[in-house]
Amino acid sequence: MATVSFDKATRVYPGGDKPAVDQLDIEIADGEFLVLVGPSGCGKSTSLRMLAGLEDVNGGAIRIGDRDVTHLPPKDRDIAMVFQNYALYPHMTVADNMGFALKIAGVNKADIRKKVEEAAKILDLTEYLDRKPKALSGGQRQRVAMGRAIVREPQVFLMDEPLSNLDAKLRVSTRTQIASLQRRLGITTVYVTHDQVEAMTMGDRVAVLKDGLLQQVDSPRNMYDRPANLFVAGFIGSPAMNLVEVPITDGGVKFGNSVVPVSREALSAASGKGDKTVTVGVRPEHFDIVEEGGTNGALSKDAPAGLAVTVNVVEELGADGYVYGTAEVGSETKDLVVRVNGRSVPEKGAKLHVVPRAGETHVFSTSTGERLTD
Ligand SMILES: Nc1ncnc2c1ncn2[C@@H]1O[C@H](COP(=O)(O)OP(=O)(O)OP(=O)(O)O)[C@@H](O)[C@H]1O
Ligand SMILES: [Mg+2]
């Protein structure tokens, strides 16, 4: 087992005008499950391939344990990688597929069999060892691909979207299996996905990348509760956080007919940049619905507090419902998503008055996108 560190690791592809991965700095603890997530083209696979030794590193360094592996060939790094297209050998049995790398490495037959059987037991594949891949389900094939990596007993597992060719239901069950398997084996793992739900449910920590730049590395909880900037705020969470640009007023920011309290420091940080507005973020579950006639906390007593949202679509999910609506903010019409109780969802066309719950608002600089509130 080992730690992994990216130390300002940079990759510029030949002919590229800017780095695909730009000074990536992450320290991964021994036994940790770290997920790299971000939109297509942000540099996830490139980062993983640099760690695997499949891509040159043009600046900075990569270390596994206390070894500098920056310029070592892949075979000397003691890693095993599971790809999106894990292509099992169709003419070989499950056992032979799993043991193939060991056979190439010259390990004797009895030892290979022992390791394969151990891995098969962990992966619940014992009864399939003599089958060919085509006689397995998608999830079982995926486990064989994991088995190939496990038998090698590497210091580090690397996985690049290993679940992307499974159907939605299987993806959910397999992601739990991979996460619990990793915890049992305790092997340091770097896992790439573009799916933020997968990232949040599997990772001990999550690293969000955008355009080759690391935006934030944090536990799933902190990432959700305190996104470091507008990009992370909008990327993590489903449905996404509502982000509304609003004017700065005394002691806070004006949100419809209420004031969202914001610390003096945060406001002066925003004004210091010359900004007249800030961007307020509220997650769909953090709106309180104001009852008819409720004026508590309203700026003007002639109107209900908060923001009037016209209901366009209601998504009923049983326990919860999501209202997709629009509201007039300043002179603009904004789309908003509000979570409501599944037992009392409003009608399409109805008007809801919503107030962001105290302590659950996020404030970002409109000009730089950085977080202003604690
Ligand atoms: N071999 C290459 N030569 C030149 N540019 C490349 C090469 N491979 C990737 N790139 C570019 O580097 C950037 C990062 O690519 P990368 O494959 O790391 O993205 P990714 O985050 O894995 O995306 P996806 O989610 O689509 O797999 C992209 O802009 C891509 O076009
Ligand atoms: Mg990729």
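Good morning. I begin with a charge and a ring: the charged end of Arg283 lies over the ring of Tyr224, at 3.7 Å from the ring centre. Please bear in mind throughout that this is a predicted model.

I turn now to aromatic pairs. A pair of aromatic rings is described by two quantities, the distance of the centres and the angle of the planes. The count here comes to three aromatic pairs, with ring centres within 6.5 Å as the criterion. Among them is the pair of Phe33 and Tyr191. The ring centres of Phe33 and Tyr191 are 5.6 Å apart and their planes stand at 40 degrees, so the pair is tilted.

Let me place Phe33 in its strand. Five of the five residues of β3 are buried. In a regular strand, side chains alternate between the two faces of the sheet. In β3, both faces are covered: Phe33, Val35 and Val37 are buried on one side, and Leu34 and Leu36 are buried on the other.

Which strands are joined to β3? Strand β8 runs parallel to β3 and is joined to it by five bridges, with Phe33 opposite Thr189. Strand β9, residues 205–210, is also parallel to β3, with four bridges between them; here Val35 stands opposite Val206.

Thank you.

Technical notes:
Residues numbered from 1 in each chain as written. Chains lettered and ligands numbered in written order. Predicted model: local features only at pLDDT ≥ 70, side-chain atom pairs only at ≥ 80, totals over all residues. Heavy atoms only, no water. Phe/Tyr/Trp six-rings, centres within 6.5 Å; stacked < 30°, edge-to-face > 60°. Lys NZ or Arg CZ within 6 Å of the ring centre and 35° of its normal. Buried < 20%, exposed > 50% of the residue type's maximum accessible area, 1.4 Å probe, protein only. Helix = DSSP H or I, 4+ residues; strand = E, 2+ residues; numbered from the N terminus. Pairing = 2+ DSSP bridges.
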